[in-house]
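Morning, everyone. Please have the sequence and the model open while I talk.

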Amino acid sequence: MSREEILEKVNEIFWDVFDDDTLEITEETTAADIEDWDSLTHITLISEVENAFDFTFAMKDVLGMKNVGEMLDIIEKEVQ
Amino acid sequence: MTELTFTKLKKNCRLDPADGRECRLAILGDCATQHLATAIRGYGVEEHIRFTVFDADYNQIDAQLMDEQSEFYASKSQFAVIFMCVEKLYHAFCETQDRAAFADTVYQKIRGYWELINAHTQTTVIQFTFAENDDRVFGNYACKTNISFLYQVRRLNLLLMEGAQEVKNVFLMDLNRIQSCFGRDTVHDEKLYYIAKMPLSTQILPEVAKQVVDIVKAVSGSIKKCVITDLDNTLWGGVIGDDGLEGIQIGELGLGHAFEEFQMWLKELQNRGIILAVCSKNNEETAKEPFLKHPEMILQLDDFSMFVANWEDKASNIRRIQETINIGMDSIVFLDDNPFEREQVRSTLPGITVPELPEDPARYVSYLKGLNLFETASWSQADRDRTKQYQAEANRTASLAQYQSYDEYLQSLGMVAEARPFDSFQFPRIAQLTQRSNQFNLRTVRCTEAEVGQMAADDRFITLYFTLRDKFGDHGLISVVILEKTDGDTLFMYNWLMSCRVLKRGMEEFIINTVIGTAKQAGYRKVVGEYLRTPKNAMVKDIYERLGFRRLGDNTFEADVDTFVQNKTYIQIRKDDAQ
């Protein structure tokens, strides 16, 4: 799976979790860019990404990722 | 597991089920419960319930319950979910010296919560059991010593089950059962617990929410009362008309084993008080043959309250069964292996539940168990006799033909009734009747056993229950009246409901005569009745007028005790009660 494909799939998860299919995320998107992206929604997001890509994030990654790009780095490593 | 995802439930929360009924629910947890609250609200939307959730702050159970001014008490919630997680429990265990007494100590604390809630509110408690978990400090030896965590958490769950039998308005949501079905790794997410203090995984939340909502529905009176089942390829393998008695599959060997288990499960439901009926496209004689002749059939003809086998369409036959048994379509479950029949029934009869039985009969029972269709909020010995009662009813209907007039028929029944104030033996049945009756129910006041007991002991109320029997059998306790003393002159019919099984027997006449007599004896001059409309109780909208009350307003009625003319009835009062 290419990085673009991963981003596309993650974007669809964002549409679902934030119930907004106009969201266009990029590698640089952070929690500050999306109004509803609070700590509770972050947990939902993490769970949905784990389900979709069939792996589990490490605890430090959940707390540590700074933007969508860093999330993609972890997913990319896991799906290879 | 329910197919609904947490994300779907979360989206549901933005919808507003227009036809939904309101329900106020509080959540008290020693862990973070925000997502649980979202899941319950979202699942409510699926079931047409509009939840207003008061989600107490993290780990505030003590503070909320001890302080009479707390937000919890102010929320006036109908239900209080108490969720204490096993992670916290383990922490407390590690800090305890007297390990052998740990479960009993924790149980006393939880029991104290229940009693605080009972003392201050009418709230029904939904207590989660603990997801049993072992720390493996003893290995398997944990089962052999009472100081292991495993032993203590198991004991605690059992203490909760025993306590819930004593404290009537406590119901348990068995989280441990969910864990044993789906596994610890599915139920728990350690990472979520460490980061956010959320012990339940996002994946399991919809299932937990379903169980909570199932309890809420049952306590609110929405329950299944009857299973109507097909025969060929549903109760046995094969087609009796084509394959013959020797050709069908039922019994311990081969494919028959799955059907045997399925019949055994239906028999257990029947023992619990679920009415069974057959609806099959067959000749009646052919359809009955396996029940009469096959040695390995578990279900017998007398397990069914009705047996309908003909070539008419199933929806019409089901409607006939429903009208005869006289229960709501929404309390019926129809089981059939044929997707075409299921669809015809589902689309013709709104309200009926028609599970999508899996193709493989081996999965029938596990699939149906997963749906949890038969949640109940009460159980009494009388439930066991229900099948007999409906069969007696069929005999009565058959005997009706012998008589010239309906009056003559009623006289021939030799009906004897009793009227008594509530006593504790009858609390379970009384509570159940208030929860089950929808049609003959004037104000639809649902009561838990605890509330029934409170009213029985309260001087402001006069309580009456009624039983009826005749030469065909005993109907048992079939009606409940609660009279509220509004002033020195007036009794208000706070609650009146009756089982539809005894309609058109003169029972309602007998009850009102008794109510007026009771009022007279106690020195009251007026009895006031009220009709509160629901989608299901139109049959009693004019009943007070029919029984001699005067209409006061749209829905209120009044009778003068002194000038009241007794209604005609053929029912005798039981001799040993005659004053």
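B:Asn59 sits in the loop between strand E2 (49–55) and helix H3 (61–66) of chain B. Helices (H or I, at least four residues) and strands (E, at least two) are DSSP runs, numbered from the N terminus. This is a predicted model, where local features need pLDDT of at least 70, side-chain atom pairs count only at pLDDT 80 or more, and totals for chains, interfaces and linings use all residues. Residues are numbered from 1 along each chain as its sequence is written, while chains are lettered from A and ligands numbered from 1 in the order in which they are written.

What is the phi of B:Asn59? It is near 55 degrees, a positive value in a residue other than glycine. Most residues other than glycine have a negative phi. B:Asn59 counts as partly exposed because it has 16 C-beta neighbours inside 10 Å. Here are the cut-offs: buried means 20 or more other C-beta atoms within 10 Å, exposed means 12 or fewer, and partly exposed is in between, with C-beta atoms placed from the backbone.

B:Thr444 also has a positive phi, about 50 degrees, and is not a glycine. Look for B:Thr444 in the loop between helix H20 (427–436) and helix H21 (449–457) of chain B. B:Thr444 is partly exposed, because 16 other C-beta atoms lie within 10 Å.

Now the domains of chain B. The assignment gives domain 1 (6–219), domain 2 (226–371) and domain 3 (404–577). Such bounds come from an automatic or database domain assignment. The C-alpha centres of domain 1 and domain 2 of chain B are 37 Å apart.

Next, the sheet. In what order do the strands run? Four strands of chain B form an open sheet, E8-E7-E6-E9, with parallel pairing. Two strands pair if DSSP finds at least two bridges between them. The edges are strand E8 (304–310) and strand E9 (332–335) of chain B, each pairing on one side only. Strand E7 (residues 275–281) of chain B is joined to E8(B) by 6 bridges. Strand E6 (residues 226–229) of chain B is joined to E9(B) by 4 bridges. B:Val227 stands opposite B:Val333 in E9(B).

Stay on E9(B). B:Ile332 and B:Phe334 point one way, B:Val333 and B:Leu335 the other, and all are buried. In a regular strand the side chains alternate between the two faces of the sheet.

Now a helix. B:Gln263 is in helix H13 (residues 256–272) of chain B. Is B:Gln263 buried or exposed? B:Gln263 counts as buried, because it has 21 C-beta neighbours inside 10 Å. Not counting residues up to four places away in sequence, B:Gln263 touches B:Leu235, B:Ile298 and B:Leu299. Contact means C-beta atoms, placed from the backbone, within 7 Å.

On to the cores. A nonpolar core is a set of buried Ala, Val, Leu, Ile, Met, Phe, Trp, Tyr and Cys residues joined through C-beta atoms within 7 Å. The largest has 78 residues, and B:Val208 is one of those that touch the most other members. Helix H11 (residues 205–219) of chain B gives this core the most, 8 residues.

Last, the interface. 11 residues of chain A are in contact with 13 residues of chain B. On the chain A side, H2(A) supplies the largest share, 5 residues.

Technical notes:
Two residues are in contact if their C-beta atoms, placed from the backbone, lie within 7 Å.
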